[in-house]
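Student: I have a model open and want to learn how to read it. Where do we start?

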Amino acid sequence: MLRLDALHGGYGQASVVRDVNLTVAEGEITALLGRNGAGKTTLLRTVFGLADRQGGRVTLAGRETPGGRPELLARRGASLMPEDRGVFPTLTVEENLRLAGVRGFTPAVDPYELFPMLTDRSRQAAGTLSGGQKQQLGIARAMVSGSALIAVDELTQGLQPSLVKDVLAAFTAIAATGVRILVVDQHAGLLLDRCHQAVVLEAGRVVFTGPCGPGTRHELDQLLALT
Ligand code: ATP
C-alpha cells in the first residue's frame, strides 16, 4: 500500500499541504478531490519528490522513501502522470509506448483496445497530438509500465465524458489486479461512481476521508458543492 503519515509539503518556505494522513490500498482506486487551489497537485508532487517535503513520511509497499528522490519512487514501481501527461513530444506514439513498456508484462487491459487512437496514430509524433489524445497516451504508458501505483493528475481534463467512463472502467480492471490507483480531479461526478475511497482536500488539509458510495455521496456532494 501507499501510506502518507503527517505529510507536509510545498515550495521552499511556502507550506501548501499540511499534516496529510492517507492510505491507498492495494487494488483500490482513491479519488483525491478538492477545489481549484486546494493543494491536490502539490500533494502528488510532494509524494513523488517533486515538491519540497517539509515533514512526514511516504511509504510504498512497506518501504519508506525519502523526499526529493523522484527516481526512487519510480524505481519502486510508482508512476505519476502529471497534468502535461509526461509524454515525449518528439517520439512517436508507438515509441512512447515501447519506452514505457516492460518486457514480459501484459497489462490487465490492452491499451490498444481501449484507445483505438493509439493504432491510428502510431507513427505520429506525440507532441502533435491533441490534449485528449496525449491524455490517452499517458494513461496507456502507465498501463504498460507494470506500475504498482498509478497516480493521475486531473484525470478528466481534456477527455470527453465517454472516454472518461472507459478509462475509469479500465482503471477498475487494473486495480482488480492489485495495482493502487490515485486519481486527482476537480470534477468528481463520474469518479465517485468508480472509486473505493474519497479524500477531500481543503486549503492543504484533509477534510474528508471515507468510502465512495451512496452512504457518503451526499456529504461529498456538499463538500464539493456539486449539487
Ligand atoms: P488545481 O486544481 O488548480 O490544479 P490544486 O488543488 O491542484 O489546484 P495546487 O496546484 O497544488 O492546487 O496549488 C495549491 C497552492 O499552491 C496554490 O495556492 C498555489 O498558488 C500554490 N502553488 C502551486 N505551485 C506553486 C509553486 N511552484 N510555488 C509556490 N506556490 C505554488
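Predicted model: local features only at pLDDT ≥ 70, side-chain atom pairs only at ≥ 80, totals over all residues.

Student: Which residues of helix α3 are buried?

Tutor: The general idea is a cut-off: a residue is buried when its relative accessible area is under 20%. Helix α3 spans residues 93-100, and its buried residues are Val 93, Asn 96, Leu 97 and Ala 100. They lie on the same side of α3, because they cover an arc of only 95° around the axis.

Student: Which residues are exposed on the other side of α3?

Tutor: Arg 98 and Leu 99 are exposed there.

Student: What covers the buried residues of α3?

Tutor: The cover includes three helices: α4 (111-114), α5 (117-120) and α6 (131-144).

Student: Now the salt bridges. How many does a search of the whole structure find?

Tutor: The search finds eight. To read one, look for a side-chain nitrogen of Lys or Arg within 4 Å of a carboxyl oxygen of Asp or Glu. Stay with α3 for one case. Arg 98 pairs with Glu 94, and their closest N and O atoms are 4.0 Å apart. Both residues lie in α3, four residues apart, which is about one turn of the helix.

Student: How accessible are Arg 98 and Glu 94?

Tutor: Arg 98 is exposed, at 60% relative accessibility. Glu 94 is partly exposed, at 29%.

Student: Which residues do salt bridges with shared partners join into one network?

Tutor: That network holds Arg 3, Asp 5, Arg 57 and Glu 64. Take one pair from it. The side chains of Asp 5 and Arg 3 meet at 3.1 Å, N to O. Asp 5 is buried, with a relative accessible area of 16%. Arg 3 is partly exposed, at 37%.

Student: And Arg 180: which residue does its side chain meet in a salt bridge?

Tutor: Its partner is Glu 26, at 3.4 Å, N to O. Check where each residue sits in the chain.

Note on methods
Residues numbered from 1 in each chain as written. Heavy atoms only, no water. Buried < 20%, exposed > 50% of the residue type's maximum accessible area, 1.4 Å probe, protein only. Helix = DSSP H or I, 4+ residues; strand = E, 2+ residues; numbered from the N terminus. Arc of directions from axis to C-beta. Contact = heavy atoms within 4.5 Å.
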